[in-house]
Amino acid sequence: MLRRLPQLALSYAQKLTLLAAVPLIVAVAMIAVVVALQSRALAEREISLLENQLIEAKKAELRNYVTQARNGFYFIYGNAAPDDSAAKAQVAQILSAMIFGEEGQFFVYDYDGTALVSPRQTDRINTNRSGETDSEGTPVVDELIRIARDGAGFHSYLWPKTTTGEEARMITYVTSFPSWQWAVGTGVFIDDVLASVAAARADVETRVQRTFVYIGAITLAALFVVFGTGMLINLRERRLADAKLKRLTQRVFDAQEEERGRVARELHDGISQILVGVRYALENTRLRLAGGKDGAQEPLEKGIASLGEAITEVRRISRDLRPGVLDDLGLGPAIKTLTEDFATRTGITCAFETVVFRNRLDNDARIALYRIAQEALTNVERHAGATHVAVDIRGHRKGATLRISDNGRGLADKNHARGSAGLGLRNMQERMEQLGGRLDISETQGGGTTIAATVPLSHMLTPQSKSAPAPKANPKVAAE
Amino acid sequence: MTALPDPSPARVLIVDDHPMVAEGIQSILESYDDICVIGTLSNGRAVIDQLETLAPDVILMDLNMPEMGGLSTTEIVLEHRPDTRVLILSMHDNAEYISSALSHGAMGYLLKDVPTDEIKKAIDVVMSGQRYLCTGAQGSIAPKDTPAREALTEREQTILLQLAQGQSNKEVANVLDISVRTVETHRKNIKRKLGISSTAGLTRYAMEHGVLQGTGGDF
């Protein structure tokens with residue numbers, strides 16, 4: 001057996017709202033992600049560009065310093081012999097004096113790694129620094145010497161600031177005095193550059209996050225609008241439905257009152273009068289019999305004839321109220337009678353087709369289809385201008401369908417769909433909806449209208465459920 | 001079966017759920033010597049229960065009754081005692097009622113508001129083995145001879161369903177408490193009315209017209 005999952009059963013309104021909300025949320029989420037990725041990429045490109053420019057500027061500056069110093073010493077170095085220690089000492093002295101800024105200084109290592117000039121860290125002077133690395137393991141002095149041996153170039157490593165003692169990244173330009181086997185250079189700390197770049201990156205990140213928040217807020221607002229509108233529409237629909245129900249109820253009451261009035265009139269004006277006549281006839285008979293007069297036969301005959309009339313009248317009224325054939329014999333015979341009466345009354349020929357099964361529909365479906373047939377035939381009579389009507393009722397795999405086709409004018413260019421016939425159509429529609437069935441109205445080719453009313457299988461009875469059980473199955477039957 | 005007038009009085013059973021009507025008819029019929037009213041019953045089930053003990057020649061049967069209506073009762077009565085003449089007594093002057101009554105095996109159809117001597121006449125006619133249709137409404141109620149397709153009776157629909165579900169004649173006979181031969185007759189009639197020769201065809205027909213659906217036990 002299949003268990004129903006009640007929490008999965010969504011109402012139409014809920015489905016509709018979900019249908020609106022889910023794609024919105026998905027789309028917004030995707031937009032947000034794309035925007036974030038794009039703006040990050042864009043910002044990253046600009047930040048890297050900036051970083052490069054700043055660092056390149058620093059490098060150019062360094063190269064200028066070093067070139068300037070080298071050119072400045074050319075008149076000593078260029079004239080001195082490789083082992084002219086006086087000239088070397090003089091140059092070292094001048095270089096030691098060329099300090100600049102807070103951290104700026106020139107350094108000199110000979111190719112063995114011995115520090116010759118280090119004005120801000122004088123304890124390094126004349127100590128061999130070969131094999132020295134920074135805290136990340138980058139070789140410092142050996143690499144500077146290698147670069148100098150190759151000519152000139154840049155190197156980057158971590159170095160303690162003399163002012164604070166903290167390590168920071170430094171860029172160095174180094175060149176050589178080849179004949180003296182000196183590596184001469186200077187460096188600047190670029191931590192300020194790196195810091196401002198990091199700050200720029202952080203700024204971008206905050207901006208991206210803020211964008212996320214904005215998008216989220218806008219989405220939320222949009223969702224509120226969707227839900228709010230949905231709720232408003234829902235409320236309005238409900239109010240409309242209420243109003244419709246009220247009108248419908250009123251119509252039912254009106255119809256009921258009208259019907260009652262009609263029946264009361266018919267009983268009073270028709271049957272009552274006839275019965276009064278019968279009573280007079282009987283009393284007349286009694287008088288004549290009591291008086292011993294002749295001719296008692298005549299009023300008695302009259303009375304009996306009048307009673308027959310009363311019976312006929314009752315039969316007519318009762319059939320108008322509700323055709324007994326519908327209850328006793330089923331829909332097929334009832335509609336057959338209806339079509340025959342219709343044909344006789346209107347002169348419109350009427351063909352009726354059905355399958356051989358009878359009494360297969362439950363009470364509700366029978367009445368609904370009968371009334372629909374009645375209403376449809378009334379419409380044909382009043383509006384269609386048809387000369388022929390075909391009525392067909394049959395069971396099939398999905399239920400039972402009543403189909404009424406005429407060869408009249410159809411529905412297209414008339415305004416009667418809005419008038420009394422429209423009301424009739426709505427009545428039919430409502431009857432079918434009540435039963436979970438369907439009403440289809442279509443134009444037949446070449447003019448004419450076809451109305452098809454289908455009730456679902458659930459309104460069909462099995463022959464067993466209403467056929468007589470075997471005899472003696474229930475011997476004790478309450479008699480009346 | 002006998003077409004000749006019977007010298008012994010006709011045994012008439014009156015079935016109507018309105019006591020006034022039943023008594024009225026009884027008192028009128030009792031004034032005739034060749035009619036013996038053997039009882040009045042108020043519904044179809046009682047008729048079937050007492051059918052064998054009462055052994056009526058003619059049943060005057062109302063159409064609308066509680067428990068079991070006149071048409072179904074007529075069918076079952078005839079299954080058990082095919083020689084019984086059923087005369088339907090009704091308030092309805094509609095042609096459909098007449099043709100239904102005849103297709104369910106009734107011998108005659110009579111409106112309740114006909115002159116009382118016509119009831120006697122009707123009994124005489126059906127006792128002689130002929131159909132009787134009431135004169136008062138002959139015009140309106142004369143059956144328009146045989147319709148293009150004859151409708152199945154309630155009983156035939158029941159049996160069709162059982163056959164379509166794969167039951168054998170014997171099983172059907174057991175369930176409905178009738179003879180296998182009667183089932184066979186019904187079966188023949190069903191096939192004739194539907195123009196179908198095989199049982200598989202019957203099943204398919206029942207399926208296509210929505211008769212079989214919803215009859216399974218698995219719902």
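**View 1. Helices α8 and α9 of chain B pack at an angle of about 110°.**
This is a predicted model, in which local features need pLDDT of at least 70, side-chain atom pairs count only at pLDDT 80 or more, and totals for chains, interfaces and linings use all residues. Residues are numbered from 1 along each chain as its sequence is written, while chains are lettered from A and ligands numbered from 1 in the order in which they are written. Helix α8 of chain B covers residues 169-176, and helix α9 of chain B covers residues 180-194. Their axes lie 8 Å apart. Axes are lines fitted to C-alpha atoms, for helices over the stretch in contact, and angles run from 0 to 180 degrees between N-to-C directions. The two helices, α8(B) and α9(B), are therefore roughly perpendicular (65 to 115 degrees; under 35 is roughly parallel, over 145 roughly antiparallel, the rest oblique). Their crossing is right-handed (the near helix is turned clockwise from the far one by less than a right angle; anticlockwise is left-handed).

**View 2. Residues of α8(B) meet residues of α9(B).**
From α8(B) come N169(B), K170(B), V172(B) and A173(B). From α9(B) come V180(B), V183(B), E184(B) and R187(B). The residues of this contact divide into 4 nonpolar, 1 polar and 3 charged. Here, Ala, Val, Leu, Ile, Met, Phe, Trp, Tyr, Cys and Pro count as nonpolar, Asp, Glu, Lys and Arg as charged, and the others, Gly among them, as polar. Contact means C-beta atoms, placed from the backbone, within 7 Å.

**View 3. An open sheet of chain B has 6 strands with parallel pairing.**
The strand order is β2-β1-β3-β4-β5-β6. Strands β2 (35-41) and β6 (132-133) of chain B stand at the edges, each with a single partner strand, so one side of each is left without a neighbour in the sheet. Helix α2 (residues 44-54) of chain B packs on the sheet and touches β1 (10-15), β2 and β3 (58-62) of chain B. The direction of α2 makes about 145° with that of β2(B). Within the sheet, β4 (residues 85-90) and β5 (residues 108-111) of chain B pair in the parallel sense over 4 bridges. S90(B) stands opposite L111(B) in β5(B). Strands pair if DSSP finds at least two bridges between them. Chain B has 10 helices and 6 strands; these are DSSP runs, helices (H or I) of at least four residues and strands (E) of at least two, numbered from the N terminus.

**View 4. An open sheet of chain A has 5 strands with mixed pairing.**
The strand order is β6-β7-β8-β10-β9. Its edge strands are β6 (349-354) and β9 (438-443) of chain A, each pairing on one side only. The twist averages 10° from one strand to the next. β6(A) and β7 (residues 388-396) of chain A pair in the parallel sense over 6 bridges. T354(A) stands opposite I393(A) in β7(A). Helix α9 (residues 363-384) of chain A packs on the sheet, touching β7, β8 (399-406) and β10 (449-456) of chain A.

**View 5. D328(A) touches residues of chain B.**
D328(A) sits in helix α7 (residues 324-328) of chain A. D328(A) touches L63(B), N64(B) and G69(B), not counting residues up to four places away in sequence. With 21 C-beta neighbours inside 10 Å, D328(A) counts as buried (20 or more other C-beta atoms within 10 Å, placed from the backbone; 12 or fewer is exposed, in between partly exposed). Buried residues make up 24% of the 480 residues in chain A.

Key. Contact = placed C-beta atoms within 7 Å.
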